[in-house]
Amino acid sequence: MSFSISLPDGSKKDFESALSVADLAKSIASSLAKAAVAGKVDGEIKPLDFVLDQDCEVAIITDKDAEGLAVLRDSAAFVFEAVAHKHFAGLRFGTSSAQDDGFYVDTDKDETQISVSELPELEKAMGKAIKAGQAIEHVQLAKSELAEIFKDDPFKLDLLKQEADPVDAYKLGDFVDFGFKALVANTGKIKHFKLLSVAGAYWQGKSSNPMLQRIFGTAFFKEKDLEADLKRRAEIKERDHRTIGRDLDLFFVDPKVGAGLPYWMPKGATIRRVIERYIIDKEVGDGYQHVYTPVLMNLDAYKTSGHWQHYRDDMFPPMDMGDGEMLELRPMNCPSHIQIYKHHIRSYRELPIRIAELGMMHRYEKSGALSGLQRVREMTLNDGHTFVALDQVQEEFAKILKLIMDVYKDFDITDYYFRLSYRDPKNTDKYFANDEMWERSQSMLKGAMDDLGLDYVEAEGEAAFYGPKLDIQTKTALGNDETMSTIQLDFMLPERFGLTYVGEDGQEHRPVMIHRGIVGTMERFIAYLTEIYKGAFPTWLAPEQVNIIPVNLDAHGDYAKKVKEELVKQGFRAEVDFRNEKLGYKIREAQTQKVPYTLVLGDDEMKSGQVNVRKYGQENSEAMPFGQFLVELTDDVKSYSREK
């Protein structure tokens, strides 16, 4: 038997032997910069004592390798299991997994599940086990033997069915578990770890299965890496739109009255209203006709469009009206806008016809996928559809892209890239079956981007079922890649719905339909902005732009009311703090609520007609005439709070 081994220093050695990996590791110990974490045989991670019985490529995995971190985190998950098993009698285990972001262990126990308040105690117990430097032993056990060990754990028995006999397992003292590729040989190697949080998770991801408790943690080889990761997580938590939304009272979601259905509080509704008015004005100025269409439509329309066939699992069940009519909560707005187009005979002289709507849609997201405003079941899409002649496609595409870029400038969105999304040529079943249409539309989209001189990446398999698209991918404040805007070419729906226009020749012609979304759904866009701004919305978007604090409610209250009245008259959003609290507390509260401007009004201000202005995030304040403040505030809002 022959095999070659890759060493940590980048060199390779060839062997003609039947040595086990463990023996091999000993024979080349002098070549290892550090003790091996595990082995890798033909690309698959294996324990160091895995027996080689055929020709193969072998690599020693150390703490320098990405795979080494996965082994370490699997090992930390295993030690957590051992400690938790000892701590909670009858504890059952589901899946354990190392990830790029750490590890998790699914658990289940009678009565109450493991709570976040119990994590410090479990973490302390893990620390003791790790400090003791206990051996983690790799063993092979018969399935029948493991079945006896886990006879009271239905989840492990379910996982055991997927294993080959005998099963690779690991032991720590008298605790045994399986499902890990390779673990460190000794708990002492797990030096820097942290248990992070708990969450619910359906067994095997199915909502019809029991809900388990998922324990999240992480582990690193170096303390500095753990500290950096925890700092990063703290930043993410601080930016989480769900936390900010609660603290600033922007919105809430209550599963008791409807999971995935956000309730917009007055402040959150104000932000949304400002954005919606901005978008409508922007689109109307660009030639769009704004419409309102029902959220219900006959199911036959979605069968014609293909949405029922392709997205049925993501749609709510149809409603049988009892008279043969089946109504469906719409998951998309395009069939609705098609009806607007079809309502009149169209001429080539009208094209392009641009129809837009802030259209409410409903999608049946699984409960486990719901998250704040980012994943919801009811959403309002900044949607638009343009109907054009074939020779107008490229010009209209450029016009839509310019509109998107103008909007990005006003919202100060700068971290994005372009992605051309094509169908997957190896898996065409999920797409509209027309090769000629796909070749034509993909070529047109690519040509439009090339003519504009824009850089882009190409992604097969990301197209809509009816056509290719340009996706504009942004980076969220939490580091996630997210589609913000999209432009999609569609030759299919005009064909299926029989759309026509009368051409210059007096004959009927088929238009091309362009789907576009400028900022996606209001829900996801506001979640994005909340995290980007960290809740400190620029003045033009802030739900409360000016907070007015009279030093003495009796002496200065009337002046505060007059200042507010004038601000509101000028179109600004201002409030007077009439609470019977100390001045310092009110000023700090205004900062906590991230109000752009705080005006403190006392004797001097009232006598001179001035205001004392403190900007959010600044320690110092400045006294100025009220008229001057109005000018500065007006400029701030009109410039979309951009630096001059």
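Predicted model: local features only at pLDDT ≥ 70, side-chain atom pairs only at ≥ 80, totals over all residues.

Visitor: What makes strand 30 (residues 597–601) largely enclosed by the rest of the structure?

Guide: Buried means under 20% relative accessible area. Five of the five residues of strand 30 are buried, so the strand is largely enclosed by the rest of the structure.

Visitor: Why are strand 28 (residues 546–550) and strand 30 said to be joined?

Guide: Two strands pair if there are at least two bridges between them. Strand 28 and strand 30 have five bridges and run parallel, so they meet that cut-off. Asn547, for instance, has Thr598 of strand 30 as its bridge partner.

Visitor: How do you know that strand 31 (residues 610–615) pairs with strand 30 as well?

Guide: By the count of bridges again: four join strand 30 to strand 31, and these two run antiparallel. With at least two bridges needed, they therefore pair. Here the bridge partner of Thr598 is Arg614 in strand 31.

Visitor: Why is Gln591 called buried?

Guide: Its relative accessibility is 18%, and the cut-off is under 20%, so the word applies. Gln591 is in helix 18 (residues 583–592). Beyond four places in sequence, Gln591 touches Thr598, Arg614, Lys615, Tyr616, Gly617 and Gln618.

Visitor: What makes Cys334, His385 and His515 gather at one spot?

Guide: UniProt, in an unreviewed entry, lists these three under "binding site". They span 182 residues in sequence, yet no two of their C-alpha atoms are more than 7.7 Å apart, so they gather at one spot. His385 is in contact with both Cys334 and His515, and His515 also touches Cys334.

Visitor: How do you know whether His385 and His515 are buried or exposed?

Guide: Set the values against the cut-off of under 20% for buried. His385, in strand 20 (residues 378–388), has a relative accessible area of 1%, so it is buried. His515, in strand 27 (residues 512–521), has 4%, so it is buried too.

Visitor: Which values describe the packing of helix 17 (residues 553–569) and helix 20 (residues 626–638)?

Guide: Their angle is about 35°, and their axes are 12 Å apart. The contact is made by Val563, Glu566 and Leu567 of helix 17 with Phe626, Phe629, Leu630 and Leu633 of helix 20. By class, that gives six nonpolar, no polar and one charged residues.

Methods. Residues numbered from 1 in each chain as written. Heavy atoms only, no water. Axes fitted to C-alpha atoms, helices over the stretch in contact; angles between N-to-C directions. Contact = heavy atoms within 4.5 Å. Nonpolar A, V, L, I, M, F, W, Y, C, P; charged D, E, K, R; others polar. Buried < 20%, exposed > 50% of the residue type's maximum accessible area, 1.4 Å probe, protein only. UniProt positions renumbered as here; feature names shortened; annotations may be inferred.
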